[in-house]
Amino acid sequence: MKQVRILVVALLSAGVLGGAGMLAPAAAAPAPAPSAAGCAQTRPFLSQGDRGTCVRYLQQKLTDQGIRTAVDGIFGSGTTKSVKTFQYACGYRGHDVDGLVGPRTWAGLLDHACV
């Protein structure tokens, strides 16, 4: 009996058993990173501080438009400046030049639908 108790304690501390002695649920696999095609389809809202595949895709699209942008997957101050440059070139003015990437900015980049 002592050996069973030692085994149960070891399994509990390893996370294999839940608190009631039941098998602990397996950790969920992380969601796959979106592809560039997925980013083009979903057109997620992006802003400074975001990171990942969709930011890299945005940066590449800005570069393709002739706006020098580091393509590193990090939406930092340089990407914000590039987005504002693009928005201004598209005819956005005032509060519309905000450095945020929403539906209008994606449309301008991907559908060539400025203004």
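1. Let's start with Thr-69: its relative accessible area is 12%, so Thr-69 counts as buried, the cut-off being under 20%. Please keep in mind that this is a predicted model.

2. Where does Thr-69 sit? Thr-69 lies in the loop between helix H3 (53-64) and helix H4 (77-89). Setting aside neighbours within four places in sequence, Thr-69 is in contact with Gln-59, Leu-62, Thr-63, Thr-79 and Ser-82. With Ser-82 there is also a polar contact, side chain to side chain, at 2.9 Å.

3. Helix H3 deserves a look too. H3 has twelve residues, and the distance from its first C-alpha to its last is 16 Å, close to the 16 Å expected at 1.5 Å a residue. Just after H3, Gly-66 takes a positive phi of about 90 degrees.

4. Which residues of H3 are buried? They are Cys-54, Val-55, Tyr-57, Leu-58, Gln-59 and Leu-62. These buried residues pack against helix H2 (36-42), H4 and helix H5 (103-110).

5. Of its 115 residues, 29% count as buried. The accessible surface comes to about 7,600 Å², with 60% of that belonging to carbon and sulfur atoms.

6. One last item for your notes concerns contacts along the chain. Taking contacts between residues at least 6 apart in sequence, 33% join residues at least 24 apart.

Terms used
Residues are numbered from 1 along each chain as its sequence is written. This is a predicted model: local features need pLDDT of at least 70, side-chain atom pairs count only at pLDDT 80 or more; totals for chains, interfaces and linings use all residues. Side-chain values use heavy atoms; hydrogens and water are left out. Helices (H or I, at least four residues) and strands (E, at least two) are DSSP runs, numbered from the N terminus. Buried means under 20% relative accessible area, exposed over 50%, partly exposed in between (1.4 Å probe, protein chains only). A polar contact is a pair of N or O atoms within 3.5 Å; within protein, one must be able to donate a hydrogen and the other to accept it, and residues adjacent in sequence count only if both atoms are side-chain atoms. Contact means heavy atoms within 4.5 Å. Accessible areas come from the Shrake-Rupley method with a 1.4 Å probe; for residues, only the protein chains shown count as cover. The expected span of a helix is 1.5 Å times one less than its number of residues.
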